[in-house]
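Hi,

Here is the structure I promised to pass on. My notes on it follow below.

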Amino acid sequence: MKKLILGLSVAALIGFTGCSGATVQDTETQASQADAEVTLRIAAQPFPLYTPVYVAYEEGFLDEELSAVGADYTWQEFKSGPLVNEAVAAGEADLGFMADLPAIIAKSTGQPIEVISNVAYGEKGLAVLVKPDSDIQSVADLKGKKVAYATGSYAQHLLALLLSNEGLTLDDVESINLGAGDQPAALASGEVDALVIWEQYISQLVSDGQARVLADGTGVKRGNMVTYAVTDYAEKNPDVIKAYIKALDRANEVLSTDPEAAAQLVAEDFSVTPELMKQIIGNFTFSTDLTDDDIAEITKVKDFSLDAGIISSDVDIDSFINKSYLDEVHG
Amino acid sequence: MKNNIKQGLGHYVLYFLLPIIILIAWEWADIAGLLKSYTMPAPIAIVNTFIEYLQNGKLLTNIGVSLVRVVEGFLLALAVGFAIGIGVSIFPKFDTFTDLVIQTLRPIPPIAWIPLAILWFGIGQGSKVFIIFLGAFFPIFINTTEGVKNIDGRFFELAEVYEIPKQKLITKIVIPGALPQIMTGIRLGLGNAWVCVVAAEMIGATSGVGFMLSDGRSLSRPDIVILGMLIVGIFGKIMDDLLKALNKRLIKWQ
């Protein structure tokens with residue numbers, strides 16, 4: 001689960017093209033990186049919801065910005081926010097990016113973390129899918145049906161919201177805790193009646209004719225993705241956090257000026273074609289800014305989760321969201 | 001008399017001493033601030049979660065579901081493991097016929113069957129019972145055959161001399177003779193059944209103690225995880241105690 005992805009060597013490949021003398025395939029470059037004063041251990045998730053971080057990673061922006069402040073980084077990939085939470089709780093990562101709900105869950109259970117930037121939001125980035133020929137025609141039809149989603153992910157929140165709009169709760173469906181990667185097979189084999197899943201799977205399954213969208217977040221859930229850092233780490237290494245934000249800002253610049261190139265660059269990270277990737281990018285707004293709208297949305301998610309019993313203790317939004325690093329970068 | 005009571009009391013003090021020491025050390029570590037609630041919650045947090053889950057009904061529902069699965073899978077394994085075990089013990093040709101398949105399947109951990117079990121039997125009851133069956137079958141089967149093998153050969157010789165029919169041989173010699181070891185197999189099998197139910201429910205399930213455990217993991221709630229673990233431990237122990245008591249009644253001569 002916590003396999004160290006090839007990320008490091010890829011990072012070396014991309015990040016050190018400017019460094020003279022460093023042969024790109026040479027893993028020794030990692031040893032020279034060890035000279036850096038501080039390491040940022042990033043817990044990543046290979047989903048297009050986090051496209052800016054992957055662009056920053058592939059373009060070498062993370063390398064450049066972090067080495068400018070004397071830091072380097074490690075990159076581990078996880079399949080969902082709750083798994084990132086686990087790695088952070090175990091003290092194996094300093095920073096992670098994920099959707100609103102898992103970050104709220106982490107804070108609610110007492111993990112010493114704070115949100116330091118936004119990553120993206122997109123109402124169409126998360127959806128309930130059913131088979132094209134399914135007799136489920138509306139959210140109300142989900143009652144008593146088997147629905148697969150990753151427990152503790154923001155998919156759980158969307159499902160709870162959609163159900164509550166129909167006067168139903170999560171207890172009215174048979175919930176199956178499945179990672180996003182396992183869900184398409186479960187739907188195809190008829191093991192489950194519906195999925196609540198995010199991009200790239202929505203675009204993939206729909207374009208393959210394997211599924212249709214029953215409902216997405218449109219008008220229901222803004223779907224914020226955020227970056228959080230371990231509070232103690234951020235306080236000790238403010239420059240590292242700011243460097244991370246700068247790298248994301250540069251990636252967002254690329255995404256807005258040349259989305260085609262960005263899609264080309266990261267499509268492989270998410271196992272999609274560049275064409276599909278470009279379409280997926282169109283479903284999101286990418287920005288590091290934490291606007292009042294973002295904070296209001298996160299607060300709403302928190303309140304709902306508390307009411308629905310997804311979290312059991314309240315989260316103080318002021319100590320959860322720390323805009324000070326963002327403010328310093330953006331001036 | 002007085003001495004007896006004293007001895008009994010001393011026994012129980014000793015019996016409960018270790019868990020009490022663990023609880024005190026755990027509580028102390030929490031008070032001393034050594035524990036982080038998100039990696040190791042205080043004992044009281046487990047108690048609170050226990051009460052919460054008792055009140056919302058989740059606890060009893062999940063225990064009930066797991067218990068039914070364990071009993072179903074275990075009884076199936078008992079019937080099949082016992083029958084095949086006796087079969088291979090008294091029919092050498094049947095032993096030869098089945099040996100390669102059984103001995104090849106035996107080292108495969110039941111957990112490795114989970115992906116196939118889900119494909120074959122679905123996410124519901126069937127796949128769980130299948131995994132539990134696999135986990136409980138082998139200890140019962142192997143101990144049954146070993147038990148028969150360890151019966152004094154003179155009994156079989158005598159049975160042959162007196163031309164005792166096979167049916168009588170099984171009920172009067174094979175089963176009583178192998179019973180102690182069969183009971184060992186049953187206890188091991190039941191223990192394995194609990195291991196397997198949790199494993200099977202942690203992957204692709206909608207209910208059960210294992211599901212509760214994996215839910216606790218996803219929601220960053222180690223208190224739920226620990227509660228689930230304790231439940232498996234306590235129920236496993238109670239069922240083992242029941243079997244031990246049954247063992248004592250069945251095998252009086254030991």
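**Chain and domain contacts**

In this model, 19 residues of chain A are in contact with 16 residues of chain B. Two residues are in contact if their C-beta atoms, placed from the backbone, lie within 7 Å.

A word on conventions. The model is predicted: local features need pLDDT of at least 70, side-chain atom pairs count only at pLDDT 80 or more, and totals for chains, interfaces and linings use all residues. Residues are numbered from 1 along each chain as its sequence is written, while chains are lettered from A and ligands numbered from 1 in the order in which they are written.

On the side of chain A that touches chain B, helix 5 (81-89), helix 6 (100-108) and strand 7 (174-177) of chain A give two or more residues. Helices (H or I, at least four residues) and strands (E, at least two) are DSSP runs, numbered from the N terminus. Strand 7 of chain A has the largest share, four residues. That side of chain A divides into seven nonpolar, nine polar and three charged residues. Nonpolar covers Ala, Val, Leu, Ile, Met, Phe, Trp, Tyr, Cys and Pro; charged covers Asp, Glu, Lys and Arg; the others, Gly among them, are polar.

Now the domains. Chain A splits into domain 1 (7-122 + 223-330) and domain 2 (124-216), with bounds from an automatic or database domain assignment. Their C-alpha centres lie 26 Å apart. The contact takes 26 residues from domain 1 of chain A and 21 residues from domain 2 of chain A. On the domain 1 side, helix 6 of chain A gives the most, with four residues. This side holds 17 nonpolar, seven polar and two charged residues.

Best wishes
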